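Subject: Handover of a two-chain model

Dear colleague,

Please find below the structure that I am handing over to you.

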Amino acid sequence: MGDILRERERQVYRKGAEQPFQLDCEKQSVAGSVSQRACVFCGSRVVLYPIADALHIVHGPIGCASYTWDIRGALSSGPELHRLSFSTDLQEMDVVQGGEKKLYAGLCELIDAHQPKAAFVYATCIVGVIGDDVEAVCKRVSMEKGIPVLPVHSEGFKGTKKDGYRAACDALLKLAGTGPTEGITPHSINILGDFNLAGETWMIRDYYKRMGVEVVSCITGDGRVDEIRCAHGAALNVVQCSGSMTHLAKTLKEKYGTPFIRVSYFGVEDMSKSLYDVARHFKDKEMMKRTQAMVREELERIMPQLADYKRALEGKRAAIYVGGAFKAFSLVAALRHLGMTTVMVGSQTGNKDDYEQLRELCDEGTIIADDSNPLELSSFLEEKDVDVFIGGVKERPIAYKLGIGFCDHNHERKEALAGFEGMLNFAKEVYSSVLSPVWRLTPRKRGNSLEVVR
Amino acid sequence: MSSQPRAPKSRSPKAPRPNWVSTRNPCKACAPLGAALVMRGIEGALPFLHGSQGCATYMRRYLISHFREPMDIATSGFSEATTIFGGEANLRQGLDNVTSQYHPSLIGIATTCLTETIGEDMHGMLHEYRALPGEESDPLLVHVSTPSYSGTHIDGFNDSVRAVVEQLAQAGETPSAYLNTFVNVFPGMVSSEDLRWVKEVCADFGLPATLFPDYSETLDGPSMEIYKKIPEGGTPLAALRATPSAKASIEFGRTIRHKRTAASFLQERFEVPAKRIGMPIGINESDIFFAAMEKISGRKTPEKYTRERGRLVDAYVDGHKYLFGKRALVIGDEDMAVGLASFLAETGVLPVLCASGGKSGAFARSIAEVTTHLREPAIVREGVDFMTIAEELALKELKPDFVIGSSKAAKLARELGVPLIRVGFPIHDRIGGQRILHLGYRGAQQLFDLVVNTLLEVKQDSNLIGYSYL
């Protein structure tokens with residue numbers, strides 16, 4: 001455990017160890033630890049990013065806009081305004097004199113040019129320091145242009161990524177409740193926390209359609225401003241990615257009395273359970289029958305192929321490091337479905353309950369880590385002799401450098417991994433990495449010997 | 001024909017529309033990213049950003065997506081309280097933790113917009129930190145000021161090269177046997193493969209070289225059995241200390257010749273002659289580099305390179321008809337774009353528009369210098385973004401046949417319906433950006449074949465027959 005900083009010792013746990021379960025989490029990252037987390041801005045940006053008919057402008061120096069240009073694989077069935085990068089690109093003089101004028105002018109010209117349905121203005125670190133009244137500028141532009149212009153208080157230093165999720169939800173809450181709700185049926189939902197990566201929202205929407213459930217809005221995958229404005233008219237909020245969306249769901253419940261349930265669309269079990277939970281909520285026998293028939297149909301379609309993958313992957317070891325712990329639950333289950341064992345699992349933003357649940361889910365000896373870093377992760381991969389690491393772009397080179405397979409399960413992915421079809425894609429991706437012949441050539445498997453091994 | 005071709009006046013007609021206030025699809029990243037890359041090019045060093053957690057993570061992701069290599073950047077991780085009360089405690093804790101985890105030889109500390117804006121006294125804080133009781137093995141600390149609201153990643157890169165040299169250079173530390181025996185090479189922001197090429201050339205000239213930065217191995221290393229906390233490779237600290245004892249410095253980049261750089265510092269302070277030349281892309285600019293190498297080493301260019309040059313000229317002849325009069329849109333970091341324009345112009349391609357997110361003030365002049373014989377002088381734009389470029393192309397009906405530049409131009413090329421030839425940084429949508437060789441005759445050979453073949457592919461795909469011979 002030599003690679004773990006003293007300040008972080010309580011953020012790493014090994015199941016089965018003598019000590020009672022205790023894992024510190026929801027803390028600011030330790031300075032100098034090279035956390036895999038980003039910042040408040042990142043949290044807001046990823047949540048609001050897929051809203052395709054809104055203007056997203058980053059108020060600050062250029063970096064924050066450059067690093068988030070077209071960063072997510074979030075697809076749109078119509079407008080693609082979200083895939084452009086707009087910034088006030090603050091310069092030295094703006095920092096001295098304040099950036100309000102530039103923000104005002106930038107917003108006006110961009111709204112005139114692109115005619116968005118709404119605009120989100122992301123405040124970055126220095127905006128919080130130079131004291132720009134972003135709120136006032138947004139109000140003024142909103143009045144003049146006649147569209148909602150919403151400040152997102154996402155100064156990077158003001159907390160963690162989770163605070164950014166909250167700031168994004170606060171902006172969304174200014175939209176929800178402002179649109180008409182006539183004609184929305186009783187069997188209606190909002191999909192919260194799916195981001196339409198590689199078209200996943202479309203698959204999920206299709207399942208609901210086949211069940212006879214009306215989707216009022218999806219927040220925020222393939223998102224549209226006018227749909228979000230009507231979100232308060234839905235009968236139920238179905239929340240995936242609870243880390244980012246629980247605040248929104250809870251507030252909608254307080255304000256409009258809309259109940260919510262937590263779901264996950266990853267893995268066969270969780271996917272089926274999610275649909276059944278929704279059907280059960282509406283207490284409609286016909287809907288439940290349709291759901292059962294659909295699940296059966298989907299499973300019959302993918303099970304034979306899944307079984308093939310399972311035969312090849314049985315007994316392989318996986319490590320997981322993802323943003324939110326909720327996804328990790330589903331991944332542990334999905335990997336088990338493929339006959340694999342999770343030997344290490346961690347997240348950037350999990351809370352106490354999440355980690356408790358993870359501990360219950362995992363086998364003895366599994367390492368659980370909160371807010372980990374490259375040195376810890378690489379040592380876990382080495383120690384546990386992992387076959388595949390599941391994470392995001394920042395985790396990829398850690399695995400690859402050590403000659404270990406990798407599966408991207410983050411927001412940049414181009415493969416749909418949600419839903420039944422997604423489970424098959426997931427299995428295929430894990431299989432394609434683990435079974436690749438290239439590992440046989442790596443020093444990890446055969447040292448640096450020049451002896452031919454085929 | 002005049003034997004003395006004069007540089008045409010650079011055309012700078014008015015921008016196509018009233019200037020946009022906002023930046024739309026940026027052609028640049030921010031300064032600390034360049035700093036982090038430079039620090040990764042020092043042996044045993046770790047980059048460290050004094051600012052919010054997100055900066056380090058975003059830059060890691062941006063660099064990892066290009067190099068496809070581990071890229072650890074530490075941070076002091078500002079919180080709200082830190083921002084109000086100052087970051088000294090976080091800086092100290094961060095440096096302590098980095099030291100105990102990574103055992104670096106050096107920590108390269110760059111500021112961010114946040115810490116520059118709140119006015120952190122880096123000099124004072126680091127001075128006090130150094131004065132604390134410590135170990136013999138404690139890392140050196142260098143600091144560079146990189147406010148993100150000023151300049152681009154290239155400015156951050158070049159400023160960091162200078163800052164490191166300024167802070168480490170020590171006259172009189174070099175054993176006399178080594179005095180005036182070697183050359184400093186400051187190549188600017190080039191690929192890992194380019195860096196390996198520079199080292200190869202210096203070795204072939206029998207000229208020991210201090211290449212800085214050198215991320216040829218740290219950001220393009222072999223597969224490993226055991227994870228290296230800090231990858232092997234990089235410019236050794238001893239070599240950085242000895243830079244004042246060099247015979248000369250060679251520095252690439254026409255647009256930075258009027259700036260204070262590492263080479264200008266060594267010249268002014270230690271009288272190390274500075275040879276400041278363009279990035280050696282294409283034959284003409286490479287010739288200048290090889291001439292400089294001949295002069296400094298006192299040796300003729302090895303036959304290996306003259307033969308490469310000969311083959312390249314032969315290839316130019318073989319392919320000249322495919323390229324003559326073709327119109328290129330060149331987008332990139334200024335010095336790379338100048339080199340590319342030089343290369344394209346000498347093959348018969350018209351660089352109709354050369355654009356960069358950088359704003360050195362010397363871009364138009366530099367492009368004009370290297371494209372003297374063009375029938376139609378290139379329009380040159382500095383400090384622009386991709387949407388402004390697109391508008392100018394449409395307005396002037398420039399109709400490029402291809403785009404050459406980073407992968408960020410992919411969207412624009414797709415809209416134009418022309419191929420993008422990916423060079424420079426970043427390349428986020430293909431593998432191997434770090435292994436592209438841009439420099440020298442060999443680099444030009446690879447670029448030339450790529451450009452010709454890309455245009456042939458268009459020709460083949462767009463006709464009904466799909467000729468078997470082209």
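Which strand of chain B pairs with strand β3 (residues 86-87) of chain A, and in which sense? The partner is strand β1 (residues 23-24) of chain B, and the two strands pair in the antiparallel sense over two bridges. Strands here are DSSP runs of E of at least two residues, helices are runs of H or I of at least four residues, and both are numbered from the N terminus. Two strands are said to pair if DSSP finds at least two bridges between them. Within this pairing, A:Phe86 has B:Arg24 of β1(B) as its bridge partner.

Before going further, please note that this is a predicted model, in which local features need pLDDT of at least 70 and side-chain atom pairs count only at pLDDT 80 or more, while totals for chains, interfaces and linings use all residues. Residues are numbered from 1 along each chain as its sequence is written, and chains are lettered from A and ligands numbered from 1 in the order in which they are written.

At the chain A end, strand β4 (residues 118-123) of chain A and β5(A) run parallel and are joined by four bridges. One of the residues involved is A:Phe120, whose bridge partner in β5(A) is A:Leu150.

The interface between the chains

In total, 60 residues of chain A are in contact with 54 residues of chain B; contact requires that the C-beta atoms of two residues, placed from the backbone, lie within 7 Å. On the chain A side, helix α4 (residues 100-114) of chain A provides the largest share, five residues. That side comprises 32 nonpolar, 17 polar and eleven charged residues. In this classification, Ala, Val, Leu, Ile, Met, Phe, Trp, Tyr, Cys and Pro count as nonpolar, Asp, Glu, Lys and Arg as charged, and the others, Gly among them, as polar.

Chain A

The domain assignment, which is automatic or from a database, divides chain A into domain 1 (1-33 + 314-413), domain 2 (40-175) and domain 3 (188-293). The C-alpha centres of domain 1 of chain A and domain 3 of chain A are separated by 28 Å. Each of these two domains brings twelve residues to their contact. The side of domain 1 of chain A has five nonpolar, five polar and two charged residues.

Helix α1 (residues 40-48) of chain A packs against α7(A) at an angle of about 45 degrees, with the axes 6 Å apart. This makes α1(A) oblique to α7(A); angles under 35 degrees count as roughly parallel, over 145 as roughly antiparallel, 65 to 115 as roughly perpendicular and the rest as oblique. The contact of α1(A) with α7(A) has nine nonpolar, three polar and three charged residues.

Chain B

For chain B, the assignment gives domain 1 (31-168), domain 2 (176-297) and domain 3 (320-462). The C-alpha centres of domain 1 of chain B and domain 3 of chain B lie 34 Å apart. Their contact involves seven residues of domain 1 of chain B and eleven residues of domain 3 of chain B. Helix α2 (residues 53-67) of chain B gives the most to the domain 1 side, with four residues.

Helix α1 (residues 31-39) of chain B packs on α2(B) at about 65 degrees, with the axes 10 Å apart. The two helices, α1(B) and α2(B), are therefore roughly perpendicular to each other. In their contact, B:Pro32, B:Leu33, B:Ala36 and B:Leu37 of α1(B) meet B:Cys55, B:Met59, B:Tyr62 and B:Leu63 of α2(B). By class, these are eight nonpolar residues, with no polar and no charged ones.

With kind regards

Note on methods: Axes fitted to C-alpha atoms, helices over the stretch in contact; angles between N-to-C directions.
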